[in-house]
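Q: I would like to learn how to read a structure feature by feature, starting from a general idea and then turning to the case at hand. Could we work through it together?

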Amino acid sequence: MNTIEFLQISAAVVPDREALVEVGGAGRRLNYAEMQEQVTRLANAIRGLGVEQGQKVAVMAQNSVDFVLTYYACAMLGVTLVPLNYRSKDEELTHMLNVSQAEVLFVSERYLELVNRIRPGLTHTKTFVSYDGPAEGYRDFAGLVAGAVAEDIWVEVDDEQPTVLIFTSGTTALPKGVMITFLDMTAYVTNTMNPADPDVHDKTVVSVPFFHIAGATAMLSSIWGGRTLLVLPQFTPEGWLSAVGDEGATHSMVVPTMLKRIMEHDALEQTSLDTLQLITYGAAPMPYEVVRKACDIFPQQGVGLMNAYGQTESTSTLTYLGPEDHDLSVDMDVREARLRSVGRPMDDVEIGIMDDRNVLLEPGDEGEICVRSDRVMKGYYEQEDATSTAIIDGWLHTGDVGRVDEGGYLFITGRKKDLIIRGGENISSGEVENCLEDHEGIDEAAVIGVPDVDWGEVVKAVLVPKPGATLTPEDVNAYCKSRIASFKAPQYIAVVDELPRNAMGKVLKNDLRKLYGSPTNDNA
Amino acid sequence: MAVQLGKRYKDEETGIEVLVIKPGECDLKVDDRDMELMQPKVLPSAD
């Protein structure tokens, strides 16, 4: 199924309903009929630029209504959209554009200068379009749309053709392009969202960037579901609260740091949450303290919480911890413990825990989390070696380490590639970080391995203290030894103001290793 | 009986589902069985 049909169906069922609303920014509002007309014009305009089915178009912009229009126009043409991570460095951007061979690049005003800087190094992209008004060397988006006809275009797409090419964060090497096909996206969306219904009007606030899988799926699910998509150009707690309080958002997906900032914001108490039905969180580990606080704030006001664990490579959600699991009014002990889990598999997902020889382990054993599902990616774009390392005998190897409890709940205990090996003993960074983040004086924690003459590697903790707290290496070490195996306790600490994170809130361990990779105590 | 815009109808025996995007005065049948109006159920969407 071509995902353009999501829009065409909803435009038939709820033509007068608002489809896209920009919260802040330009404040644009389009109903479904208007959106379909704009998308059709844009598709004709893109075709007029010489782009054909099977080719690629890239976007370098914050979230916007125009970004969503561009996705659906590409789908109408059977063209693959490449949403670029706007936090990428010059080298990464050049790499992504050259590897994907994007014919056209759409750019928002904020990134014109950056794109101009890398243009000499681009080997394939020749046409550039400015979203935000005329710019030298760019075609003007509004002019392109206005000058194009609104004639319907119909192409038959191969289910195996990528509809989006999403580059993964690339915390260890240059980003890899994950091919998500029309079939992957259709399977995910239609299995998890009811189609448009004149009697049901939900509103999704999207604050996750569209270059992230959770942002991309929000863009598709919302339109298939006949929802109003409230587009935040970029997350701010004020913008999110406005989308909820003023626009009546019913659903929202946030990353843990966003949820923390929302809960800490003074305006939360004054904001009506009456319309809000569900907050989903995911994309990065959720500190227990934050989710526990969320359980005290939201369910009492009728707002469900959901933890969704997934990857770009699996077309989003693999497991989920649903609203009932966040209701601590019953089975409190069991449910509190399971708040540290990422829940149970979706209906179309099979989870297997494997050892290093790719042998399935027994329930309860710890190993690499592997998954089978019809919507596992087709592969990494033009990286057969990386694909064959990630998908073995039909199992996608996530690189995450975890175990499944007797109730079928999956607990993530660390990253396979984020192990610290001390004298032959494997230490999962996640386990030490979880322990540290339970410390009353620690706000955030990340651990890395640093060289050691005796042990090869020992643990060093990079810590953000809570206001007014004083942390010493001795206290931190003693605290950890009282909670986890002593060899896992940090030997060194660095006290910092904040941890370096990527756009999705994941801690950049390579940056930490560069900054704090020596076996010393820093600022402590 | 009129089929309704934006509603889904299902035939249990074959599993066929139909989503109506242009309503009209007609019955939906599979092998002479009336297709039944589906009630929306909550799906585990993270979006």
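This is a predicted model: local features need pLDDT of at least 70, side-chain atom pairs count only at pLDDT 80 or more; totals for chains, interfaces and linings use all residues.

Q: Why is strand β18 of chain A described as largely enclosed by the rest of the structure?

A: As background, the side chains in a regular strand alternate between the two faces of the sheet. For β18(A), which spans residues 367-372, five of the six residues are buried, and the strand is therefore largely enclosed by the rest of the structure.

Q: Which strands are joined to β18(A), and how do they run?

A: Strand β17(A), residues 350-354, is joined to β18(A) by five bridges and runs antiparallel to it, with A:M354 standing opposite A:E368. Strand β21(A), residues 395-404, is joined to β18(A) by four bridges, again in an antiparallel arrangement, and here A:V371 has A:L396 as its bridge partner.

Q: In what order do the nine strands of the open sheet in chain A stand?

A: The order is β2-β1-β11-β10-β12-β13-β14-β15-β16, and the pairing is mixed. Strands β2 (29-31) and β16 (344-345) stand at the edges with a single partner strand each, so one side of each has no neighbour in the sheet. One parallel pair consists of β10(A), residues 203-206, and β12(A), residues 251-254, which are joined by three bridges; the partner of A:T204 in β12(A) is A:H251.

Q: How many residues of chain A are in contact with chain B, and which elements supply them?

A: In general, the size of an interface is often given as the accessible area lost when the parts come together, but a count of residues can also be read. Here 28 residues of chain A are in contact with eleven residues of chain B. On the chain A side, α1 (4-13), α8 (213-224), β12, β13 (278-282), β14 (304-311) and β15 (316-321) each supply at least two residues, and α8(A) gives the most, with four. By class, this side of chain A has 15 nonpolar, twelve polar and one charged residues.

Key: Residues are numbered from 1 along each chain as its sequence is written. Chains are lettered from A and ligands numbered from 1 in the order in which they are written. A residue is buried if 20 or more other C-beta atoms lie within 10 Å of its own, exposed if 12 or fewer, and partly exposed in between; C-beta atoms are placed from the backbone. Two strands pair if DSSP finds at least two bridges between them. Two residues are in contact if their C-beta atoms, placed from the backbone, lie within 7 Å. Ala, Val, Leu, Ile, Met, Phe, Trp, Tyr, Cys and Pro count as nonpolar, Asp, Glu, Lys and Arg as charged, and the others, Gly among them, as polar.
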